[in-house]
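Reader: Could you walk me through the side-chain contacts in this model? I would like to start with the charged residues and then move on to the rings.

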Amino acid sequence: MFTENVKPLRRGRPPGETAQGAAARRRLYAIAIRLIAQRGYGATTLRDIAAEAGVSVGLLYRYFPGKQAVVLALYDDLSRDYARRAEAMGPGRWRDRFLFALTTSLDVLKPHRVPLRALTPVLVGDPEEGIFAAATAFSRARVQHVFEQAVAGAADAPKAPLAGALGRLLYLVHLAVLLWWLLDRSVKQRATTALVSLTAQILPSASLALRIPVVRRFLLSLDALMREALFGSSVPE
């Protein structure tokens, strides 16, 4: 789906890269993702990737100086694709826009489920290379922004700062659904489809609950805790 020493330029094409170089990078990237999916993140080495590609480790290092660079590239590709597809979100209530954002995320990630499953221990359990690491913030911000805008741009959007708090909460709900989906062993992930359906059923009640002052205060307090614990910031907007 990392360390703070990885520079943003690693995610894109190196300055002056030729079309031939870009094609080589795409090929190496595809091989690396395939091996990670087959063997797992920990069991895959740069030497394995280079051997599978038939290139030297030095050449591979030119494009991907470490396995984390491969994962950053995956994050970059998926989050960019998601942000682009989320632009099709239509007007409506926040709960309907949230469901669009959620199902679009599942659609974007579906072709990549196998490598993402192999990366689950890293994404969830590694504070330096996981989904809330500093080096992945560029990707996380793209996706989180979609959920924040799903609320802020809704016809029934609550006032700030509640809108931002609700958007961030829905982003985390979406991450929980994605984890469920990655671990889902049911046929064609039918349990995930059922979970999304149950979520859709409870959202109207959640919308009504937001009218209750104590619920609004609870959500704002919860948001402050989440921002401090997961995003490294407790400063209000």
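Author: A salt bridge here is a side-chain nitrogen of Lys or Arg within 4 Å of a carboxyl oxygen of Asp or Glu. This is a predicted model, in which local features need pLDDT of at least 70 and side-chain atom pairs count only at pLDDT 80 or more, while totals for chains, interfaces and linings use all residues. Residues are numbered from 1 along each chain as its sequence is written, and side-chain values use heavy atoms, with hydrogens and water left out.

Reader: How many salt bridges does a search of the whole structure find?

Author: The search finds nine salt bridges. One of them joins R168 to D223, with the closest N and O atoms 2.8 Å apart. That pair links distant parts of the chain, since R168 is in helix α8 and D223 in helix α10 (residues 213-230), 55 residues apart; helices (H or I, at least four residues) are DSSP runs, numbered from the N terminus.

Reader: Which other residue forms a salt bridge with R168?

Author: E148 does, and the closest N and O atoms of that pair are 3.4 Å apart.

Reader: Is R168 buried or exposed?

Author: R168 counts as buried because its relative accessible area is 4%, where buried means under 20%, exposed over 50% and partly exposed in between, with a 1.4 Å probe and protein chains only. E148 is buried as well, at 18%, and D223 is also buried.

Reader: What about R80, which residue forms a salt bridge with it?

Author: R80 pairs with D77, and their closest N and O atoms are 3.7 Å apart. Both residues lie in helix α4, three residues apart, which is about one turn of the helix. R80 is partly exposed at 43%, and D77 is partly exposed at 35%. The two also belong to a network of salt bridges that links D76, D77, R80 and R142.

Reader: Switching to rings, how many aromatic pairs are there?

Author: The structure holds four aromatic pairs, counted when rings of Phe, Tyr and Trp (its six-membered ring) have centres within 6.5 Å; planes under 30 degrees apart count as stacked, over 60 as edge-to-face and the rest as tilted. Y82 and F147 are stacked, because their ring centres are 6.4 Å apart and their planes are at 20°. This pair links distant parts of the chain, with Y82 in helix α4 (residues 67-86) and F147 in helix α7 (residues 137-152), 65 residues apart. Both Y82 and F147 are buried, and together with F98 and Y171 they form one aromatic cluster.

Reader: Which charged residues sit over a ring?

Author: Among them, K67 has its charged end over the ring of Y41, 4.5 Å from the centre, and R113 lies over the face of W181, at 5.7 Å from the ring centre. The criterion is NZ of Lys or CZ of Arg within 6 Å of the ring centre and within 35 degrees of the ring normal.

Reader: And which residues have the most contacts inside the largest nonpolar core?

Author: They are F64, Y82, W94 and F147, in a core of 64 residues. A nonpolar core is a set of buried Ala, Val, Leu, Ile, Met, Phe, Trp, Tyr and Cys residues joined through side-chain atoms within 4.5 Å.

Notes: Helices (H or I, at least four residues) and strands (E, at least two) are DSSP runs, numbered from the N terminus.
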